[in-house]
Structure formats: C-alpha cells, structure tokens
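Biologist: Please take a close look at a single part of this model. I would like one connected account of it, in plain terms.

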Amino acid sequence: VELEVEKRNNCPYDMPYYIQDEVLSGFAQCKSDGSLDGGFEITTAPATFEYQKKYWEHFFNDEKCMNNLKGWNTDTAGLHIHISRKALRPTEIGKILVFINDEINTPFIRAIAGRSSDQWAKRSAKKIQDCVRSSDKYEAVNISHPNTIELRIFKSNISKHGFYRVLEFTDALVQFARNYTGLTGLSLHYKTFLRFMKDDVIKSQYPHLTAWLIRKGYIKGRASRKVSLQGELHDTATN
C-alpha cells in the first residue's frame with residue numbers, strides 16, 4: 001500500500017519519522033513525493049490482506065496522526081494498492097484491466113475510487129489480451145511493475161472505514177477475477193461484481209465495503225455488526 005498524505009497546519013515536522021519509527025515500525029517507510037504540496041507517502045512492506053488490515057489499526061488509532069494529516073480533502077493525494085502477480089494468472093490480470101477501464105463501469109469505479117484522475121490514473125478501453133503488454137506508469141491499472149500490478153484509481157483516505165473500504169474492494173476484485181472463471185468482456189460488468197458481493201459469505205469477508213455498497217444503494221441488506229452504522233456514516237461522510 002502507498003498512502004499519500006498532506007500535512008495539516010502546525011503538523012510536527014518530524015511526523016514522517018514518528019510514523020515509520022513508532023506507529024508503523026517495521027511495516028512502513030515514509031517517502032517524499034513530488035506530486036504533493038509538502039506531504040509525504042507512507043509505503044508498506046508487502047503483506048497479506050489480513051495483515052494489512054491488522055497493522056493499519058495502529059495508524060488509525062493514533063490521535064497524533066489523525067489530528068495532523070489529511071487525505072480525502074486534498075486535490076493532490078492518492079492511494080495506490082499493489083497486488084502480487086503471483087496471486088493472479090495472466091487472464092485474471094486481463095479481467096481486472098477490463099473491469100476497471102470499461103466505460104460502462106465508469107460511474108461505479110469513480111464512486112469507489114472517490115476521484116477521476118486523468119493525470120495520475122488514466123483509464124482507456126482494454127481487452128483481456130492486454131495483460132501481456134506493458135503500460136504507462138500513470139494508468140489506472142499499472143502493469144509495468146515486474147512483481148505487482150498497481151491500482152492507482154483511489155483518492156487518499158485517512159478515515160478508517162474509507163481506507164478499509166478500498167482495501168477490501170481490491171481484495172474482493174481479485175477474488176472476483178479468480179473465481180468467476182467464465183467471465184468474458186461482456187460479463188465484466190459492475191452489476192456482475194455486485195451479484196458476487198451479494199453472497200453472504202463474501203459480505204462477511206468485506207464488512208466495510210458491504211456497508212458502503214448498502215448505504216449507496218448498490219445492494220440491499222444490513223451492514224455487519226463489525227461496522228457501526230453511526231461510525232461508518234461519521235467517518236466516511238464525504239465518501
């Protein structure tokens with residue numbers, strides 16, 4: 001995960017060191033980023049979906065981080081999530097390419113991502129066969145890395161529910177691409193993904209994503225007890 005953040009007024013100058021030395025010690029490093037207005041990027045080590053969720057709790061429970069940083073209410077900061085190539089067959093990478101870039105899915109993808117960035121996460125029509133080609137670094141799905149594919153579509157988010165929502169979406173998208181073996185270009189429609197998300201077992205695996213899909217009217221149901229409706233509405237009021 002690469003989380004870009006901007007500093008609020010009066011943010012301590014040593015905030016990047018505080019995060020990498022104390023809050024996310026041994027798990028993340030902070031780096032400068034030329035696209036930010038004086039902020040920085042928090043880059044984690046490779047980790048499983050479950051370990052990412054567990055370790056980021058330290059960050060979201062830290063008042064110093066929450067009070068001095070911002071992500072959503074900026075025009076600069078993004079959130080990039082890498083997926084190991086070892087987890088995917090080439091055709092599954094192709095399905096992700098098609099799904100994220102298909103024009104018919106655009107409103108859904110923009111809602112999930114929280115932004116439309118033609119500068120940093122360009123989208124254009126894809127075919128499954130494009131999985132074997134290289135890509136521009138600044139495409140929505142960057143496949144130029146040798147060991148990962150990178151989803152660059154997301155707006156930065158330092159709210160716990162908002163961050164976990166897109167982390168869960170990324171993992172759910174991988175499972176969708178892997179388990180729907182009969183998917184073709186025609187069935188890589190966001191409504192097919194929503195049918196996948198209606199399964200009770202899947203819902204239980206992705207409580208923050210499910211709560212958001214229910215609140216936005218994409219699927220029906222009740223959010224998991226793991227996600228307080230009051231907390232989810234408060235924490236993600238803008239997304």
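Modeller: This is a predicted model. Helix 9 itself covers residues 207-215, and eight of its nine residues are buried, so the helix is largely enclosed by the rest of the structure. The buried residues are Pro207, His208, Leu209, Thr210, Ala211, Trp212, Leu213 and Ile214.

Take one of these in detail. Thr210 lies in helix 9. The relative accessible area of Thr210 is 3%, and buried means under 20%, so Thr210 counts as buried. Leaving aside residues up to four places away in sequence, Thr210 touches Met197, Lys203 and Ile219.

Helix 5 spans residues 106-113 and helix 6 spans residues 160-179; their axes come within 10 Å and cross at roughly 135 degrees. On the side of helix 5, the contact is made by Phe108, Ile109, Ala111 and Ile112. Helix 6 contributes Arg165, Val166 and Phe169. By type, the residues of this contact divide into six nonpolar, no polar and one charged.

Terms used. Residues are numbered from 1 along each chain as its sequence is written. This is a predicted model: local features need pLDDT of at least 70, side-chain atom pairs count only at pLDDT 80 or more; totals for chains, interfaces and linings use all residues. Side-chain values use heavy atoms; hydrogens and water are left out. Axes are lines fitted to C-alpha atoms, for helices over the stretch in contact, and angles run from 0 to 180 degrees between N-to-C directions. Helices (H or I, at least four residues) and strands (E, at least two) are DSSP runs, numbered from the N terminus. Contact means heavy atoms within 4.5 Å. Ala, Val, Leu, Ile, Met, Phe, Trp, Tyr, Cys and Pro count as nonpolar, Asp, Glu, Lys and Arg as charged, and the others, Gly among them, as polar. Buried means under 20% relative accessible area, exposed over 50%, partly exposed in between (1.4 Å probe, protein chains only).
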